[in-house]
Amino acid sequence: MMSAGPSSESGTITLWMLGLCVALLFLGGVSLDLWRAASERRSVTGIVDAAAIAGASGIDEAHLRATGELRLDPGRAQDFAVASLASHSESVIHPSVVVASDGSAITVAGSRDVPFTLLKVLMPGLQPLQVQAQATSSPRSASP
């Protein structure tokens, strides 16, 4: 017969549940922070895409009239792209605007730091995640 005395496993369930709660907090932190990073990357991509499209509208009009060839004016295209980047309230760090030497395309790149929230509680020394985006656009003539 079994005795009804004290169990040698008292508190095991409590410790197991505490470990499970910490694991769930960690997994929740990972999913929340990765979701925020994906959302921020979409935002940076939209800003960079808009800047590339704006830059592609900076065509060299004098060259177009003289030769009929459509190409970008590097200074004008860069000014349009930078103005588009500056017009957004969200900040993009390390913006880069490069116009091809032949004026065929403009490439805009940028990034943003995404600080961790729940994971920062569990790992205080964690550095922010940097999300990056790049877009290339070229001028096109309207189809008749």
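**The paired strands and their cover**

Modeller: Strands S2 and S3 run antiparallel and are joined by nine bridges. Pairing here requires at least two DSSP bridges between two strands. Helices and strands are DSSP runs, numbered from the N terminus (helices H or I, at least four residues; strands E, at least two). The model is predicted, so local features need pLDDT of at least 70 and side-chain atom pairs count only at pLDDT 80 or more, while totals for chains, interfaces and linings use all residues. Residues are numbered from 1 along each chain as its sequence is written, and side-chain values use heavy atoms, with hydrogens and water left out.

Start with the partners of S2. On the S3 side, isoleucine 106 stands opposite serine 137. Serine 96 stands opposite alanine 109 in S2. Valine 97 has valine 108 as its bridge partner in S2. Six residues lie between the two strands of this hairpin. Glycine 103 takes a positive phi there, near 75°.

In histidine 94, a residue other than glycine, phi is near 55°. Histidine 94 is found in S1. This residue counts as exposed because its relative accessibility is 58%.

S2 itself is mostly covered. Seven of its nine residues are buried. Now look at the cover. The buried residues of H1 pack against S2 (106-114) and S3 (129-137), and also against helices H3 (74-87) and H4 (118-122). Those buried residues of H1 are Gly29, Asp33, Ala37, Val44, Ile47, Val48, Ala51, Ala52 and Gly55. H1 covers residues 12-55, which makes 44 residues. From first C-alpha to last, H1 reaches 64 Å, close to the 64 Å expected. That expectation is 1.5 Å times one less than the number of residues.

Serine 43 shows how H1 reaches this region. The residue is found in H1. At 25% relative accessibility, serine 43 counts as partly exposed. Beyond its neighbours within four places in sequence, serine 43 is in contact (heavy atoms within 4.5 Å) with Glu90 and Arg112. Serine 43 and alanine 133 lie 90 residues apart along the chain, yet their C-alpha atoms are separated by 9.4 Å.

Arg112 comes up again with valine 92. Valine 92 is found in the loop between H3 and S1. This valine counts as buried because its relative accessibility is 15%. Sequence neighbours within four places aside, valine 92 is in contact with Ile47, Gly110, Ser111 and Arg112. From valine 92 to arginine 112 the sequence distance is 20 residues, and the C-alpha to C-alpha distance is 5.4 Å.

Ile47 leads on to H3. H1 and H3 pack at an angle of about 150°, with their axes 7 Å apart. Ile47, Ala50, Ala51, Ala54 and Gly55 of H1 make the contact, with Ala77, Phe80, Ala81, Ser84 and Leu85 of H3. Axes are lines fitted to C-alpha atoms, for helices over the stretch in contact, and angles run from 0 to 180 degrees between N-to-C directions. The two helices are therefore roughly antiparallel to each other. The cut-offs are under 35 degrees for roughly parallel, over 145 for roughly antiparallel, 65 to 115 for roughly perpendicular, and oblique for the rest.

Serine 84 is buried, with a relative accessible area of 11%. Apart from neighbours within four places in sequence, its contacts are Ala50, Ala51 and Ala54.

Buried residues of H1 pack against S2 and S3. Valine 92, in the loop between H3 and S1, contacts Ile47 as well as Gly110, Ser111 and Arg112.

Technical notes. Buried means under 20% relative accessible area, exposed over 50%, partly exposed in between (1.4 Å probe, protein chains only).
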